[in-house]
Amino acid sequence: MELLNVKNLNKIYRKKHQEIHALKDVNLTVKKGEFVAITGESGSGKSTLLHIIAGLETPNSGEVILDKTSLFSLSDDQLTIFRRRQIGMVYQFYNLIPTLTVKENILLPLLLDNKEVEQSYLNQIIANLHIEHELDSFPYELSGGQQQRVAIARALIHHPTLVLADEPTGNLDSMNTKEIIDLIKLLSIRHDTTILMITHDMDIAMQADRIYIMDEGRLNQFEE
Amino acid sequence: MNILRRYIQQTLRTNKQRTALSLLSLILATALLFSVTSLVLASYRSVNASVVQSSGNYHVEFKNGTQEFVNYLEHNLKVESLLKVQHLGLSPLNDSFNEERTYLQVLGYSKEAFHDLGIVLTEGRLPENDTECVISEAIINEAKVAMDLQEERYFQLGYRVSEENRLNDEAPLTLNERFVMENGTTMKIVGIISEPSMDVRKPYYSVLTLFNESNAYPMDLYLRYHDLRTINETTEELADIFADEYESYAYNEQLMALNIFSMTVSVDNHLLIFIGASIVLFLLVTILLVRSSFANTYINREKHLAILKSIGVTERQRQSMAFYEGFLILSLALPLGILLGVVLLQTSVHTINQLLAAISVNAIQLSLQHEWIIAIGSVLFVLVVAILSVQHSAHKAMKKSVSSTLHSNDEVHNMQRSYLNLEKKGNIYLKLIGKHIRQNFKDYDIAFLSGVLIMTLGLMLSSGMAYFRESDYLDINEHNYDVQVKVENWTYPTALMTQLKQMEASNTVLISEVIEAQCNDNENILDEYLQQYGEEGFVSLQLVSYDDRILKNYIEENSLMSRAEMNEMLEGGNIAILLGQVYNSAEQRFYDLSESDALNGILLENGSQLAMKIVESDVLITGLSSREMPQLIISRTLMNQLVEELKGIRTFMVHYQSNDSNRLARDLNLLVQGESVLDYDVVNANATLQQGKTITTLLQLLTYGYILCIALMMGFASMCAVSTNFEYRKYEFILYRIVGMRMKNVRRMLAAEYLLYFVSVFACALICSQLLNMFVYHTFFASIGLKFFVPRNMMLIMFGAGILIGMLLILFASYKVKHFSYHQGLKNEISLL
């Protein structure tokens, strides 16, 4: 079943007198439960695509349909609520709120939606991610690997239909990288979550169901 | 180029907004320091020159002093200078075009007196001996009498008499007066002078010659002391020792008021504290502005410095970096600051002069002088504060542990506990607001301080202005009169009063009458008052009446009695309003006459007794009532009955409104007063007000300007702090947005946060300003019986302005959050952290 459909996406940035065509007619389809990786060189437009799919930035043209909802036909408020309920985000630099504890960071999407915390689900996630002893710590007291686990927990706590991961292992050593990727895969299978991951590491990308390569704003499927 | 210098240059170039803010702060600090100091100095000099011009450069005048007194004063070490003026006599000016001024007053001035009594030579030269003279230009322009330079002219010298009584030289002309000649002198006119301000509204014009010690004319002595602080003691000592060697003495209060040293030492000290505090506040605000601009720059750069430290930058290199940065910014800011200061100064002087000129043609005009010593002083002050600030900020940033700085977030200050308290139920947004307030309140201390300071100053200014308005005895605006006649007598001066009431070309606006009485109602008079002011069991009081219109307004405005009681009073009933407090300035407290609702045993001068029902009040009628003696305000009807009974009145006052107050005052002065009149006084309020109005306006402009400068500097300092803190806050809001916070809630959180800060600032400002208000009121204004003033309107305006500013800030902040560039910004912010 088709979950995400990106059609003819174009994005142009204007910098001084220069125009940068970050995305050129990008088309992408992701099925429910799929693990898709997008790889490419730095500056090729991977993160831009991710931000547009998350509804954080708007394209110059094109359409993003997630779970039968066209994102850019929604108002800013509707889009925000949609993101809060349907999307989970994991960044390379974690993007945890520095002044909140680990537990508060994880629960924030639920709290903002006034939803009850599903204690068993929370316990399950933090146990899987091995952060059960760090719940009262602040992000700056954790290692990079631990912070990324917290970010993953936050991305999954509200049962999103799509998790967007922007180079989630880019800041980690090989040991942590492997653990994190295994965890993402495991959790996506267990919770039937679709994952769209950006990485420039081909070895990591190879673990996905499908791989796309972004090259100067154009997206092409990788054929082995 | 040194790599660290390149780093500084690059950082300044990259952080354009921050660099611009630092530059603007320093430019503003330098410009305001230079222009405000220059403006205050220019104002002081101009007012001083104007006062010297109008009242002379002396402290005390001894009228008609003897030669023996002069000999003593010339050798007294406390006396800085002695000016001597001989009265040679009046001389008739028969062909004068102005019928109100038909004399010349011939005076002999010592050389110093020509300089220090405000004489301005417009043509020719000053006299070199007593056969030469200078004449007032008004003789030619106003009296239209032809007198030429180098002309030798004979002057009859003598005095005026009326009904065989010698008249004062300054007394207005009367119909039946004549001139008595004593002697005469021939003098050569060698110069023309501007009309001395002392001649205005006198019946003569001045002719001045050089003082000749061999002449035995009456002599006025004008003294300047070395030490103004002992002016009272020294003058009284001189007055006592040489009691027989002069006629009377008077202080030059205008000049002394300008030099802050008024007649009361306690007022001196308070005024000095007030001025000192204003200067200190201004310098502190300048320091705060300079410091905050650098402090915030370095807060933004803590991570950079930690990295530099980690790769081995030494303390010496750090110092050199800080100096270099200071040098780069200051080398631009200081010249631009002085340039802006010059422009500000010129604009302010021009604007102030235009405003003053619009008030009066004879208004003070500020002379624009660029004092380079002030420019150098301002530059040095800002330079020293800036260098110390940049060093201190850099030192503070470098002192932090490298690992903790690089690893932590700048917003997490010693935070050891969670804030959202997940165990407790509650609105998440309220919890987040609480978290922000607790975490960030300290970071906004400059903004908080600025807000409190600006609001306190504004509220204080409002109260201060209200007190000055109230303390103006002849309150022309409130009562709409410009000339007042006060007649004191024992009988009822029917003829004079009829004339006063029927003065043509004028509009009588208010008549007030006073009769004096005594009271021995010991049951109802408080013992304390009786002990303090009683004489042989009696206390003195006044029965006062005003127009019914005034009385009615007074009763209604202050809700003093019911409508029925008021009607009874207006119809002549024995009901009075007691202003029963007397201020004792020695003890600095009020004494109450009575707390009773009746006062019996009120004895009038004819021996009759009155019993009155009393309504107490301590609200004065501005310009009419006072606290020198208890007053019973009665109705006009009752007063008429009492006057009829007494066949006399103590004081009778009439207030007029006129198109030509000078003419009306002169006409009133020319009225035949009659024998029963003890004292007859005409006060031209318009002229009095006009004289002081330009100085008052100048003071108001300077005060408003001062507060505006403080507000501007504190506003800038706040902006530096708020913009730095908002960079972090913005990032946090962006993170909230990523996990799904709606813009509506972002705005609500911002609004709630602002409201909380604003309410705290407003509350603090109210408390501070009202404490100050109470201090100022009890120190300066309670003694003259003014009401305590709460500036309600200003409070409302400030509250409204605060809410408006808040709305604009919230709109700006939410715009920045909503239009954040995730593509570029998020990565930059993350790398900064």
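The model is a predicted one, and every value below is computed from it. In chain A, four strands with antiparallel pairing make up an open sheet, whose order is β2-β1-β4-β5. At its edges stand β2 (18–31) and β5 (69–70) of chain A, each of which pairs on one side only. The pairing of β5(A) with strand β4 (residues 61–66) of chain A is antiparallel and rests on two bridges, and Ile65(A) has Ser70(A), a residue of β5(A), as its bridge partner. Across β1 (2–15), β2 and β4 of chain A lies helix α1 (residues 46–53) of chain A, which runs at about 120° to β1(A).

Chain B has 833 residues, of which 33% count as buried, and its secondary structure comprises 25 helices and 22 strands. When the contacts of chain B between residues at least 6 apart in sequence are considered, 84% of them join residues at least 24 apart. One helix pair can be followed in detail: helix α2 (residues 16–55) of chain B packs with helix α11 (residues 372–399) of chain B at an angle of about 145°, their axes being 9 Å apart. To this contact α2(B) brings residues including Leu26(B), Leu33(B) and Phe34(B), while those from α11(B) include Ile374(B), Val379(B) and Phe381(B). By class, the contact of these two helices has 10 nonpolar and four polar residues, with no charged ones.

Once neighbours within four places in sequence are left aside, Ala153(A) is in contact with Ile106(A), Ile125(A), Ile126(A), Leu129(A) and Ile131(A).

Where the two chains meet, chain A gives 32 residues to the contact and chain B gives 24 residues. On the side of chain A that touches chain B, the elements giving two or more residues are α1, α2 (76–86) and α3 (102–112) of chain A, and the largest share, seven residues, comes from α3(A). This side of chain A divides into 15 nonpolar, seven polar and 10 charged residues.

Key. Residues numbered from 1 in each chain as written. Chains lettered and ligands numbered in written order. Predicted model: local features only at pLDDT ≥ 70, side-chain atom pairs only at ≥ 80, totals over all residues. Pairing = 2+ DSSP bridges. Contact = placed C-beta atoms within 7 Å. Axes fitted to C-alpha atoms, helices over the stretch in contact; angles between N-to-C directions. Buried ≥ 20, exposed ≤ 12 C-beta atoms within 10 Å, placed from the backbone. Nonpolar A, V, L, I, M, F, W, Y, C, P; charged D, E, K, R; others polar.
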